[in-house]
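Here are some quick notes for when you have the model open. Have a look at the fold first, then work through the points below.

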Amino acid sequence: MAVDIQPACLGLYCGKTLLFKNGSTEIYGECGVCPRGQRTNAQKYCQPCTESPELYDWLYLGFMAMLPLVLHWFFIEWYSGKKSSSALFQHITALFECTMAAIITLLVSDPVGVLYIRSCRVLMLSDWYTMLYNPSPDYVTTVHCTHEAVYPLYTIVFIYYAFCLVLMMLLRPLLVKKIACGLGKSDRFKSIYAALYFFPILTVLQAVGGGLLYYAFPYIILVLSLVTLAVYMSASEIENCYDLLVRKKRLIVLFSHWLLHAYGIISISRLDKLEQDLPLLALVPTPALFYLFTAKFTEPSRILSEGANGH
């Protein structure tokens, strides 16, 4: 195979784009930025992203998709009040919005029209921050080679958040206006207003810390799920199994946290060796059991009452 010979590319992410191919002859352009959907190989040639995302990649995308849903549910519960009957319908609507946004995002991604994406393999942390690796051969002129080396794991999250926001603005106000009868006019739309704040925050978080989140999200899930479960159980004054079983809502919260525990464990282990990794899921109930066994020594109800009294 005859390949056009040109000077070697400088920089970690600069590559040569294929301009012409005729049989065994390939002609490449000058060293520069690779087109969207391509990244450089070891020989500094831009190659299309044709691989399927790994399990860990899907778990990362699932984590980023869960963030707005969990925040929706938190603020809906926060602003609905105990007497409101609209919370359940808003929870279902938020789930529908995020699910539809995820499906639409996959359908509009390459290849278009199927629930499947092609991707480039993530090799190292710098793949997420190619803008920091533009070379300056003469220390004056910068060769701009910034492109999405982790295609599409970086931009697909922004597309998903955009669809979430659009669907929320189309569906949620109508629902809240019709069924949120137990809330005052000023409180009905507070959960929607909260979303208008946290979506920009999530967008900036992905833009700045996407690569860090990619490697850290399993541990973030485990730590946050453990902390929130402990806070919830202490705030609800759950000190034994009876307190846990007396209300369905408490069981739902418990099982939700167990799912998050399992999600974090699977993300860390990546299920590379099933016979070794699957038994780790038996640890999922351990934090809740540990709390129940040790609650009698700490007495959360007494601590809460003393805190309320200012002692």
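**Notes on the predicted model**

1. Start with helix 1, residues 55-80: its 26 residues reach 37 Å from first C-alpha to last, close to the 38 Å expected at 1.5 Å a residue. The expected span is 1.5 Å times one less than the number of residues. Helices here are DSSP runs of H or I with at least four residues, strands are E runs of at least two, and both are numbered from the N terminus.

2. A word on the ground rules. This is a predicted model, where local features need pLDDT of at least 70 and side-chain atom pairs count only at pLDDT 80 or more, while totals for chains, interfaces and linings use all residues. Numbering runs from 1 along each chain as its sequence is written, and side-chain values use heavy atoms, with hydrogens and water left out.

3. Back to helix 1, which bends by about 25° at M66, with a proline, P68, following within four residues. The bend is the angle between axes fitted to the seven residues ending at a residue and the seven starting there.

4. Now the charges. Side chains of opposite charge can pair when their charged atoms come close. Searching the whole structure turns up seven salt bridges, each a side-chain nitrogen of Lys or Arg within 4 Å of a carboxyl oxygen of Asp or Glu.

5. One of them joins R121 and E54, at 3.0 Å from N to O. This pair links distant parts of the chain, 67 residues apart: R121 sits in the loop between helix 2 (87-108) and helix 3 (155-179), and E54 in the loop between strand 5 (46-48) and helix 1. R121 counts as partly exposed at 32% relative accessibility, and E54 is partly exposed too, at 29%. The cut-offs are under 20% relative accessible area for buried, over 50% for exposed, and partly exposed in between (1.4 Å probe, protein chains only).

6. Buried or exposed: which is it for R172 and E97? Both are buried, and they form a salt bridge whose closest N and O atoms are 2.8 Å apart. That pair also links distant parts of the chain, R172 in helix 3 and E97 in helix 2, 75 residues apart.

7. R118 and D110 make another salt bridge, with closest N and O atoms 2.4 Å apart. D110 is partly exposed, at 27%. Salt bridges that share partners also join E51, E54 and R121 into one network.

8. Last, H147, in the loop between helix 2 and helix 3. H147 counts as buried because its relative accessibility is 10%. Leaving aside neighbours within four places in sequence, H147 is in contact (heavy atoms within 4.5 Å) with Y13, V33, C34, Q38, R39, T40 and T130.
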